[in-house]
Every structure is written in structure tokens, then in C-alpha cells.
Amino acid sequence: MADRSEQEIDLAVLWRGVRRRLGWILGTAALLALVAFVWSRAQPPVYEANASLIAANSQGQEGPFGSAVVKAPPLPEGAVAQALQSTQVIAPLIRAVGTSAAIPAAERERLVGRLRRELSEQRLRTMTLTSRLDPGGNGIYTLRARARTPQAAQTLANLAVDALRSWDTGRALQTVRRAQAGFQAQLLQIDGQLAQAGRTPVERQTLIARRATVQDNLAQVGILENSATGVLSLLAGAVEPARPTAPRPLRNAALAGFLGLLLAAGVVTLLTVLDRTVRTEDDLLSLNVPTLAVIPRLRKRDIVFSGIVRAARQAGLYEAIGFLRVNLLTALPGRAHPVVMMTSTAPGEGKSSLTATLADGFASSGQRVLIIDADLRRGTQAAVWQKFHEGGEWHQLVGTGGVRTTQEALIHPEDVQVLRVEEGVDMLPAGPGLHDSLSVFNQADIRRALGLWRQKYDIVLLDSAPLLALADGLVLGAHADAVLMVTEYGRTNIQAVRSAIRRAERSGLNLLGFVINKSDAREESSYGYSYSYTPRKEGMKV
């Protein structure tokens with residue numbers, strides 16, 4: 001079962017992740033805001049005009065012949081909105097828009113095409129209808145029309161209102177026309193009866209009287225046709241809008257920036273949660289191995305111009321290396337001439353550079369250090385010290401004359417020369433890269449070789465190959481008094497560290513602790529306090 005601490009989300013870790021990528025978050029938000037602003041500015045203007053209708057549903061109205069006005073039946077809820085998307089309203093509206101001289105030709109053509117498309121899709125977007133009605137269906141309908149010119153928006157709103165009112169009036173006319181059809185059918189029937197022979201004078205007079213009554217009713221219905229009215233009536237016509245409602249570049253930019261901020265922060269939070277690389281001591285607590293030091297990152301230009309060792313002195317790594325030196329010696333109490341192997345999980349984590357700066361730190365405190373470059377496949381100690389001190393001197397380590405590389409010295413440990421790279425620091429370079437480096441370690445008597453060499457030094461540092469890359473470090477580490485594992489800030493995966501620890505434990509290595517290398521002091525400010533603790537100048541107040 002995974003350790004519970006691995007599954008917990010530390011708010012401090014999340015904040016460090018957000019702060020580390022704060023520039024990326026703000027940059028993403030700013031970019032989205034800029035894109036939204038430019039895109040909005042490029043869009044054509046949209047004007048919106050409003051027209052209002054009042055609905056007066058009359059419940060319990062008299063029949064069509066009991067008053068001088070024929071009124072349409074009451075409108076059920078949602079009927080007007082549904083009618084606005086029907087061919088009975090949109091088709092006459094399209095014809096009216098297509099022939100309106102108040103709308104510019106290009107906008108007229110665009111509106112006609114858009115209305116036809118919206119009618120076929122049954123999704124009206126050029127116009128919207130809102131209502132405020134009481135339970136009886138009485139209230140106000142507001143129609144909003146959108147167009148690219150103020151005149152077109154005003155005209156479209158008024159034409160749409162007229163189309164709705166015509167549709168509503170047509171509902172009242174249907175009642176009148178049904179009555180007309182009924183009376184005309186009665187007239188035809190009476191005329192047919194009058195045309196039949198054998199009618200008595202009384203019957204004919206009765207039919208003639210009935211015919212006169214029907215004709216009178218038909219005439220009254222014809223009069224009522226002109227007075228038919230619907231439920232809807234105009235409350236307020238549309239006026240020409242003074243300014244466009246869209247686009248709004250500043251508002252859109254603000255919304256896009258805010259959404260971009262949320263999106264980028266969410267992505268960063270997810271990346272932080274999924275990030276299983278080493279960044280702080282807390283990341284390594286669950287491994288039950290202490291962290292002996294956190295080493296800040298050097299600037300590349302300082303390394304290029306000064307070399308790693310000199311750049312480390314100038315950058316103020318003295319304090320961090322000092323912590324590592326003290327912690328290392330404290331963990332090896334009473335051990336004379338200790339041999340410490342420096343390793344890592346993978347290449348490029350700064351193991352060789354840290355070995356050199358650690359040796360320089362020991363030498364600055366008056367101790368003698370021997371660096372053995374035991375990475376026989378890809379040794380780098382010679383290159384590390386070359387930029388710091390061009391003119392090193394070879395001197396005898398043991399025997400007379402002899403070999404000058406680690407791969408030869410392991411086979412012939414009695415006659416070895418080392419390179420004096422600085423006062424107090426000798427270095428044995430790895431030599432040409434070997435593909436089968438493990439065979440050298442298997443053939444060599446490593447314990448005897450280290451026993452001969454360590455007597456002349458206060459400490460011996462072995463720069464070995466990464467544990468997950470080659471098995472060399474497992475063979476060599478078994479003869480070392482302690483092993484330091486170097487991890488790179490923001491790069492070394494914790495799972496890789498676990499795998500390296502398991503290999504070290506199976507091989508019997510004495511893993512003393514971790515070193516977090518190349519830490520960003522701006523992000524991990526808790527480790528940078530010592531660099532601002534400068535000596536007090538004369539005359540300063542206490």
C-alpha cells in the first residue's frame with residue numbers, strides 16, 4: 001500500500017507550484033485577453049432595438065354577434081413565442097424585410113438569409129421574445145431585434161411586431177370567415193328549397209323570410225370582418241439605437257483573461273499534483289533517508305566563464321557546501337580517512353560538479369581530499385577542474401612512477417600518480433571511456449586499492465556512475481564507508497529515487513543521505529536565508 005503522505009495534497013506544495021509558474025499563468029491570461037480584444041475589435045457592430053406589445057386576454061367575452069368587435073380567442077402560455085418561429089409569422093416578415101427601403105441592400109440580403117436559415121433550424125437568434133404576464137395571460141411582450149445598422153435593427157423590430165399582430169388578427173378573422181361560410185351554406189340550401197316545385201305559398205313565404213334573415217346576418221358578419229381584432233396590440237414601437245450592444249472588446253478581454261487565469265491555474269494545479277519530482281526535503285521524508293543539504297543552482301554564464309568550482313565560490317555556495325560538509329562528518333563519527341561515494345539516479349543531475357565543490361569545501365577548511373573519478377564510462381572530473389586550474393601538477397600517490405587513470409590504477413594500485421588540482425585536493429581522472437566498465441571493477445581488488453590510497457587523505461570522494469544507469473556504483477559502493485545520493489531539483493523523479501534505494505539496499509550500501517542539487521532559491525526561499533546573512537560592516541548599528 002502506498003504511503004498515505006504520498007496521496008495527501010499539501011497546500012504549501014500547491015502554492016509553490018503556482019508561484020513557480022506564475023509568469024506562465026499570467027502570460028496565458030494576458031494572451032487570451034489580447035486575442036479576445038483583437039477578435040472583438042474585428043467583429044462588425046451589432047445594434048439592438050426593442051418593441052413592446054401588450055396582451056389583453058378577455059375571458060368570458062360575448063359571442064361574435066353580440067358586440068361590434070370580433071376578438072381573437074385568448075392566447076395560451078408560450079403561443080406567441082412559438083408563433084414567432086413559425087412560417088405564418090417569419091414568411092411575411094422575410095417578404096417585408098426583403099422589400100424594405102429603410103434597410104441597406106447588403107444588410108437586407110444578410111437578414112433575409114439569416115431569417116431563412118433560422119426558420120429551417122427552428123432556432124431564432126436574430127430576434128428574441130421575452131414576456132411579463134399574469135396568470136390570466138395579460139401582460140407585456142418585448143421583442144428585441146439585432147442587426148448591423150441602427151436603421152435595420154429598428155425596422156426589423158417594427159416589422160416583426162407588425163407580423164405578430166397580423167398573425168393575431170388573423171385568428172379573429174378565422175371566426176368571422178367560418179360564420180360567413182356557414183351563412184353562405186344556409187343561403188345555398190334555402191335557394192335550393194325555393195327552386196323545388198310543389199311548394200305551398202305559405203312554405204315559400206317562410207323560406208323567403210328565412211333567406212332574408214340569413215342575408216341580413218351575412219351582411220352583419222361582413223361588417224364585423226373590418227372590426228376583427230387580436231389579443232395583441234402595440235405598446236411601444238422600436239426606436240433607432242444610439243450605440244451598438246456588441247462587440248464589447250474590453251468586457252470580452254476581461255472575461256477571456258479571467259477564464260484564462262482560471263484555466264491556467266487549474267492546469268498548473270493539476271501539474272503540481274501530478275509532479276512527482278524532488279523539490280523539497282518534504283518530498284523525500286517518506287523514504288526514511290535524511291536530506292543533508294540543498295544546493296542552489298549556479299548561473300550558466302558563471303560556469304562558462306569561471307568554471308564550476310570558482311563559480312560556486314563566487315555564487316555563495318560556501319554556506320550550502322558547509323552544511324553538507326558538517327552533516328557528512330557528523331554522520332561518520334570517529335571514522336578515520338572515510339571513503340564517501342557520490343552517486344545519483346541518472347546522468348546530468350550534477351553529481352560530478354557537486355563532488356568537485358564539496359572537495360573544494362573540505363580543502364578550504366584545511367583537510368586533504370582525494371577525488372577518484374570512478375565513472376569509467378563517462379568520467380567528467382578532468383573537465384570540471386580544467387576550467388578552474390589549467391596547470392595541475394602530477395605527483396606520486398603510492399609507489400614510483402605508475403599509472404594516471406582510475407581504470408589503470410584499480411588494476412595496478414601500487415604505482416599510482418594523481419593530479420594536484422588545487423591546494424589540498426588531488427584528483428585521479430577516469431581515463432578514456434570504457435564500454436565494459438563493469439569488468440574493470442570485477443577484476444580489481446577495490447578494497448585493497450582504497451586501503452592503500454586513503455591513508456594520505458582526510459577524506460576520499462568517489463565520483464561513481466548513476467545507480468540506475470550502470471551497476472558500477474553498486475559494486476564500488478560496497479567498499480565505501482558511506483554513499484551520498486544526489487537528486488536534481490525539479491527533475492529527479494521520486495519513483496526513480498525509490499528504485500535506486502532498493503538497489504542500494506539489496507547491494508548492502510550504506511546510504512547516508514540525499515543532496516538536493518540545483519535548487520531554485522527564488523522558489524525555495526527557506527533555503528536561501530544564509531545567502532543574505534552577510535558580514536556586518538564597520539560602523540553599522542547593532
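These are my notebook entries on a few features I looked up in a predicted model.

Entry 1, helix packing. I looked at how helix H12, residues 318-330, sits against helix H13, residues 351-364. Their axes come within 9 Å and cross at roughly 80°. That makes H12 roughly perpendicular to H13. I then listed the contact residues. On the H12 side I noted Tyr318, Ile321, Leu324, Arg325, Leu328 and Leu329. Facing them in H13 are Leu354, Thr357, Leu358, Gly361, Phe362 and Ser364. I sorted the residues of this contact by type and got eight nonpolar, three polar and one charged.

I searched the whole structure and found 16 salt bridges. Side chains of opposite charge can pair when their charged atoms come close. One pair I followed up is Asp481 with Arg335, where the closest N and O atoms are 3.3 Å apart. Which parts does this pair tie together? Asp481 lies in the loop between helix H18 (472-477) and strand S14 (482-488), and Arg335 in the loop between H12 and strand S8 (339-344), so the bridge links parts that are 146 residues apart in sequence.

I searched the whole structure for aromatic pairs and found zero. I also looked for charges over rings. Arg171 lies over the face of Trp167, 5.6 Å from the ring centre. Arg279 lies over the face of Tyr489, at 5.2 Å from the ring centre.

Most residues other than glycine have a negative phi, and most peptide bonds are trans. I noted an exception of each kind. Gln122 is not a glycine, yet its phi is positive, at about 55°. I placed Gln122 in the loop between helix H6 (105-121) and strand S3 (127-133). The peptide bond joining Ala246 and Pro247 is cis, with omega about -5°. Pro247 is in the loop between strand S6 (232-236) and helix H9 (249-274).

Note on methods: Residues numbered from 1 in each chain as written. Predicted model: local features only at pLDDT ≥ 70, side-chain atom pairs only at ≥ 80, totals over all residues. Heavy atoms only, no water. Phe/Tyr/Trp six-rings, centres within 6.5 Å; stacked < 30°, edge-to-face > 60°. Lys NZ or Arg CZ within 6 Å of the ring centre and 35° of its normal. Axes fitted to C-alpha atoms, helices over the stretch in contact; angles between N-to-C directions. Helix = DSSP H or I, 4+ residues; strand = E, 2+ residues; numbered from the N terminus. Parallel < 35°, antiparallel > 145°, perpendicular 65-115°, else oblique. Contact = heavy atoms within 4.5 Å. Nonpolar A, V, L, I, M, F, W, Y, C, P; charged D, E, K, R; others polar. Salt bridge = Lys/Arg side-chain N within 4 Å of Asp/Glu carboxyl O.
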